[in-house]
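Let's take a walk through this structure together, sheet by sheet and then loop by loop. Keep the 3D view open as you read.

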Amino acid sequence: MEFPLISSIQRVNIYETKARFYIVGSNNTGTTYRVLKVDRTEPKELHIHDDKHIYSHLEIMNLLTTIESGNRTTTKQKQQSTGLTKSVSAYGIVGFVKFLEGYYMVLITKRSKVALIGGHTIYKIEDTVMQYIPNDGVRYTHPDEPRYVKMFQSVDLSSNFYFSYSYDLTHTLQYNMEPVIKPGDMRSTHDKTDNTTGIPDERSDTGPLKDDEEVVYGVKSKPETKYIWNKHLTDIFKEEVHPDWVLHLVYGFIAQCNLYIYGKSVYVALIARRSNEYAGTRFLKRGANSQGSVANKVETEQIVYDTSVTDLHKSKIASFVQMRGSIPVYWSQDISKMVPKPVIQLDQRDPYFQTAGIHFNKCLYRYGSPVLLLNLVKRREKRRHESQLCDEYKECRAYLNQFLPPDKQMVYIGFDMAHYTKKKTNNVLDRLAGISKKCVKQTGFYFHSPNLKEEFWEREEFEGVLGYKTSTGSKQTGVVRTNCVDCLDRTNTAQFAVGKCALAYQLCALGVLSSPDLDFDTDCLRMLEELYEDQGDTVALQYGGSHLVHRIEGYRKIAPWKAHSLDILQTLSRYYSNAFSDLEKQQATNVFLGLFSPKENAPNIWDLPTDFYLHNKDAMGKKYKTRSYTMWCDPNVFDHLPLPYAEACKAVNSVMKKFRKGDERIDLFLEHYKPYERTEFQKVFESMCKAISNFRPKIGRNLTPGSPFERKVTPEAKESRYEANPNISGKDSTSSVTSNMSEEGSSSSASSVEGDIITTSSEDETSYNHISMSDSTCSDEKNIYGFDPARFEEDVGTQDMYQRYVEVGKMENPPEKLLPSQFVLPQGIEIKPLGEYRSDIYCVEEPSVCKRSSALYVQYVNCGMHGASEPSAQNKEIYRNYIRKLYQ
């Protein structure tokens, strides 16, 4: 069996002397410790020493005591302790960075839980600190150093940077779930990895493994470097220290929701990974560079899993991956002129589309085939602007497809979304739903179930769904690649439509839905819509400098009129950011990622006329291997299609190590639930920032919300709701207002009805305000509550209780001036006390307190006011025994 390796360094304490920093890292339980020594006497060089030794708690305390005593100084007047001082407590090391002076150490000082995948916890960085390493006696000063430090710190590490101690965020769930040891070749795989791990032999705190003990394997896969945003900060020391010291940060967006279905929790997580290749801001990074990396490349993964079982390999879990990215050709926009829409220019003519070939080769390597190209760029324009990109993209796809077999070719899907949404009779989301269903069926989705029946995929609801079927589920083969010009507003709406279709299939595979269909105006879809809205806002802020201009509700044409002013403000904010602040943001990104390294007697980054040479290395005279004009896909990748070749290389790119079963380094149960300390289950799952209850409308207090998949509409719109929402009826919608200042150029939003939302069914759409209790008729209650009260006619007590709740419910919004003592219940209703509080519900008596509880409370108050009292002899003996066992 194999399990993911858990980092043994999750707590970091920094101790300093005048000559060194001592970095002490430990696990959660405090049973294993490691020490790094950083030299502070070098003004410009970084010297780190890791002895690769595992210390116990007693050993580390003795070591720190020895260091402190060795650095203590004395004088004639008094003894002054200037030896060892604790400076910082942290949760991990981001890395080390240098500008024109000495090195800085960046540490994570605050974190928060944002998601949970099985037993793996994902954290978001909340605060960091930069610690200057050289001491004041050897510090070298440079006048430009403060400007570089400020530029580096402008990349806010407390904003949308994520990490995990046990889960590889740089890879998809499908990759992480892929086994390294295949059945039948355990011996050969183990022998191979033992010789290539690169991890030195370590002393185990539980002793060497015995021959008769059950052996399991801990696996740590090689991360995908293009999604590691602190790669430059860790390159300087990762070869010198144990791998657990290296923490990989992912930049983008991660959020999770709890889809609570009749007492069963199903988590829906959305993970967006931004690529660090060709990263930058909107107008400064367009198209692709010479290495095939595109601007604004974001990989979005939608994970849905049943939380009944913690272990992912024993539970039901599904995921779907899609991506966005700029059109992979050489193009840009001239921003020298202050205009809202700069002219699009094709900078270089690439007749063999080598850059695009490199890009799509990477897509086939990571995702497999087919690659579906969903292009949302305008095709019909009065003046040729975006359409030239559309023509170039289609020509690129046609040329590259010549050298692929028909079943593995890239599929082009063009949809002029901006033009289509201008017509009142057109339903954009309905059109996208049809496109999305075809895309999801062609790529399939990843699904894992330990007890899967053979006839599972033969069910009618999965008819036409492709992908690679396995004995435990299926694998996704291929990816949907969505783009517009900026890959922001239109792209986010299209990705939501694809995610909506994928979520229906995922829930159907998990057994939650009977058919892969999800309606709008349900709690589940509101939850998913807000997830994608948050993702879109985050990506838009990172790349465009503002929130989304055109939102999903705008394309659905149900947004209120107040959204127009917000759209205009967001457009102005984006325009201001692109014109005045994007250059500094781009320079900071180049410094943070290590594309530009400041040097003495060399031009500074703010003196460079362009950063083109930083992102296109071959333009600086470096020679690269010339690629074939026809075989643009690597042979190994081509031979392994439709499956992604990256998964076949996992065994080679992974580190394996033997452990005894139940070892702390591979025990996710111990990592997540922490039985060694006081744990409240409510706090364990407090990381869920969104739950289905947050997306439910405010309804009557007696109306119990039903399934999250029930459609809900407003009572004011029960006569005209279906005409107001084109996604339900398909009829004409209200007029929309377009914004010419935005690059998207699509419809903004239209007015929608407002009010309290209620649950309705196809048989009855009666508002809750009109519900009444009658002895003869209960049809309304049967339709709305989901049960027939007539079944309980013989039970007099139940009928009386139901009658009482209905009468109390009619008294909505009592007068504010009415005091509790003046409140009078309806006549004829008998209220029986159900607890020890015998008074009215508006006047509660204090319960009596026993003498023992009163004495205990007085004792605690006295202890807080006057200090602790002398413990008893029995308590002293218990404490002595505890200390004696601890230090034996």
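Leu36 has Asp50, in β5, as its bridge partner. The strands behind this bridge are β4, residues 33-39, and β5, which run antiparallel to each other and share 3 bridges. Strands here are DSSP runs of E with at least two residues, helices are runs of H or I with at least four residues, and both are numbered from the N terminus. Two strands count as paired if DSSP finds at least two bridges between them. What you are viewing is a predicted model, in which local features need pLDDT of at least 70 and side-chain atom pairs count only at pLDDT 80 or more, while totals for chains, interfaces and linings use all residues. Residues are numbered from 1 along each chain as its sequence is written, and side-chain values use heavy atoms, with hydrogens and water left out.

Now widen the view to the sheet around that bridge. It is an open sheet of 5 strands, in the order β5-β4-β3-β2-β8, with antiparallel pairing. At its edges stand β5 (48-50) and β8 (85-90); each has a single partner strand, so one side of each has no neighbour in the sheet. On average, neighbouring strands of this sheet are turned by 20° against each other, direction ignored. Helix α1, residues 57-70, packs on the sheet and touches β2 (11-16), β3 (20-26) and β4, and its direction makes about 25° with that of β4. Contact means heavy atoms within 4.5 Å. The angles, from 0 to 180 degrees, are taken between N-to-C directions of lines fitted to C-alpha atoms, for helices over the stretch in contact.

Next, look for an open sheet of 3 strands, ordered β1-β13-β26, with mixed pairing. Its edge strands are β1 (2-4) and β26 (654-660), each pairing on one side only. The twist from one strand to the next averages 35°. Strand β13, residues 215-221, pairs with β26 in the antiparallel sense over 7 bridges, and Ser221 stands opposite Ser654 in β26.

The loops deserve a visit too. Most residues other than glycine have a negative phi, and most peptide bonds are trans. Ser369 and Pro370, however, are joined by a cis peptide bond with omega of about 5°; Pro370 lies in the loop between α6 (354-367) and β20 (371-375).

Which residue has a positive phi of about 55° although it is not a glycine? That is Tyr278, in the loop between β15 (264-274) and β16 (298-306).
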